[in-house]
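The following explanation leads from the chain as a whole to one helix and then to the pairing of strands.

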Amino acid sequence: MRPFAAALAASLFAISTVHAAAPLTEEQAREKATNILLGDPYGSSAEDVAKTIKDAQLLSDGKSTPCGTTTGPVWQFHVVVESPVTSPGSPIDGYLVVDAESGKLVCANLPMLD
């Protein structure tokens with residue numbers, strides 16, 4: 001019985017390590033989003049960029065985003081720049097979507113991020 005228990009424990013460990021990593025926390029995901037947005041027209045400092053992020057949502061597989069339907073968990077950030085420095089009369093209002101595990105850009109319907 002002991003060899004069976006050891007084999008079962010080893011199998012369960014192997015299965016758990018293959019499982020997907022946990023999603024980034026909102027704070028971690030916001031940091032990744034800030035780094036993606038850093039620069040004109042979103043802000044020249046992390047503090048300036050953070051002010052443009054109005055909302056964050058963790059979306060699971062199958063949810064709708066500006067990119068279409070998700071195929072895995074993503075963080076979606078609502079980004080608003082009311083008066084961009086280079087174009088004060090053209091406010092920006094859109095979404096940045098990042099992979100919830102890696103923080104890499106999935107898509108955005110924002111200028112300068114295509």
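A contact here means heavy atoms within 4.5 Å. With that cut-off, residues 24 or more positions apart account for 42% of the contacts in the protein chain with a separation of 6 or more. The structure under discussion is a predicted model.

The protein chain contains three helices and six strands. Read from the N terminus on, its elements follow the order α-α-α-β-β-β-β-β-β. Of its 114 residues, 31% count as buried, where buried stands for under 20% relative accessible area. The accessible surface of the protein chain amounts to about 7300 Å², and carbon and sulfur atoms hold 57% of that surface.

Which residues of helix 2 are buried? They are Ala29, Ala33, Thr34 and Leu37. Viewed down the helix axis, the buried residues of helix 2 fall within an arc of 140 degrees, and therefore they line one face of the helix. On the other side of helix 2, the residues Glu27, Glu31 and Asn35 are exposed.

What does the buried face pack against? The buried residues of helix 2 pack against helix 3 (46-52), and also against three strands, namely strand 1 (53-59), strand 4 (74-81) and strand 5 (92-99). After helix 2 comes glycine 39, with a positive phi near 120 degrees.

Two of the strands that meet helix 2, strand 4 and strand 5, are also paired with each other: they run antiparallel and are joined by eight bridges. Within this pairing, valine 74 stands opposite aspartate 99 of strand 5.

Strand 5 has a further partner in strand 6, residues 105-108. These strands likewise run antiparallel, with three bridges between them. Here valine 97 has cysteine 107, in strand 6, as its bridge partner. Strand 5 and strand 6 form a hairpin with five residues between the strands, and in this hairpin glycine 103 adopts a positive phi near 80 degrees.

Taken together, strand 5 is joined to strand 4 by eight bridges and to strand 6 by three, while the buried residues of helix 2 pack against strand 5 as well.

How values were computed. Residues are numbered from 1 along each chain as its sequence is written. This is a predicted model: local features need pLDDT of at least 70, side-chain atom pairs count only at pLDDT 80 or more; totals for chains, interfaces and linings use all residues. Side-chain values use heavy atoms; hydrogens and water are left out. Buried means under 20% relative accessible area, exposed over 50%, partly exposed in between (1.4 Å probe, protein chains only). Helices (H or I, at least four residues) and strands (E, at least two) are DSSP runs, numbered from the N terminus. The arc is that of the directions from the helix axis to the C-beta atoms. Two strands pair if DSSP finds at least two bridges between them. Accessible areas come from the Shrake-Rupley method with a 1.4 Å probe; for residues, only the protein chains shown count as cover.
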